[in-house]
Amino acid sequence: MTNVYSYYILPSGTGEQVSRAEEVTYSGTLRIGLSGGMAYLTASSDEAEEALTGFGVTHKDAGAYYQDLKTGWYGSADASWIFNRRYGIGLKYKFFNTGAATDGYFDPGDPFNIYYTTYIENIYINYGGVLLSYYEPLGSQNLFTLYSSFSAGITFYRDETEVFSEAILITGKALGMDGTFGLEYRISPLISAGAELSVFASSLRSITFTDGETEQSQELEKENYENLSRVEFSIGIRFYL
């Protein structure tokens, strides 16, 4: 009888260990993601190209200039606490940079002078916000995971322009939103690699100009809002701690 009782006690102890292991698994984990890739600004540049040709730039050079300005590099970092294996909440940061330059004969607007100069522009966009995410493991071994996320926060805009040997700084901030869909492969229990496609949306309604001596703020008309929206593709690494 002693052996029989010992036999029944052993499965009970094993079941308790499994239950405790599941509790540890469901208690949550910290996920840190780092990504980098290319981004493309989706706003139309027709009016901006027309304005640039007003300075004396050819239509071809103006088109090439804004095509360069629409494409840039971006990076992102996020940290989320994942609970119930599928849901996450955390913070997200994104950075985007692009630039373009064109040279030629520019008309400053007076009837007597035309200058040969270089028109240079560099744009920096920073974003920070809260993050909500969902994860769906694939396969019996859960080596692949599909995930999606939504983020809302504040966008900070900085445009550095140089023309006629003068530097002009344009800044602004606005509400921003980001949606991401991605796939990752678990390299080890603590590290995975992934690729993602994301859409970022933001629009400036007011801007501030400064040339280093004077500063001026301007509220933009609705048809002149500065559209900062872009699509992005990136690859990166994720850490599970």
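In which strand is the place of Leu131? Leu131 sits in strand E4, where strands are DSSP runs of E with at least two residues and helices are runs of H or I with at least four, both numbered from the N terminus. The model is a predicted one, in which local features need pLDDT of at least 70 and side-chain atom pairs count only at pLDDT 80 or more, while totals for chains, interfaces and linings use all residues. Residues are numbered from 1 along each chain as its sequence is written, and side-chain values use heavy atoms, with hydrogens and water left out.

The protein has 3 helices and 11 strands, which follow one another from the N terminus as α-β-α-α-β-β-β-β-β-β-β-β-β-β. Of its 241 residues, 34% count as buried, that is, under 20% relative accessible area with a 1.4 Å probe and protein chains only (exposed is over 50%, partly exposed in between). Contacts (heavy atoms within 4.5 Å) between residues at least 6 apart in sequence join, in 68% of cases, residues at least 24 apart.

Leu131 counts as buried because its relative accessibility is 3%. Leaving aside residues up to four places away in sequence, Leu131 touches Asp78, Ser80, Gly88, Ile89, Gly90, Leu91, Lys92, Ser149, Phe150 and Ser151. Leu91 lies 40 residues from Leu131 along the chain, yet their C-alpha atoms are separated by 5.1 Å.

A search of the whole structure finds 1 cavity of 30 Å³ or more, and the largest cavity has a volume of about 100 Å³. Its lining comprises 13 residues, of which Arg31, Asp78, Tyr147, Ser149 and Glu196 are the closest to the centre. Strands E1 (29–41), E4 (115–138) and E5 (144–163) each give two or more residues to this lining.

The largest pocket holds about 1,200 Å³ of space, and among its 33 lining residues Ala48, Tyr66, Glu121, Asp159 and Glu226 lie nearest the centre. Helix H2 gives the most to the lining of the largest pocket, with 5 residues, and the other elements that supply at least two include helix H3 (59–70) and strand E6 (166–186).

Note on methods
On a 1 Å grid over the protein atoms alone, a cavity is a set of points where a 1.4 Å probe fits but cannot get out, and a pocket is an open set with protein on both sides within 12 Å along at least five of seven lines; lining residues have an atom within 4 Å of a point. Grid points are joined across faces, edges and corners, and a volume is the space filled by probe spheres set on the points.
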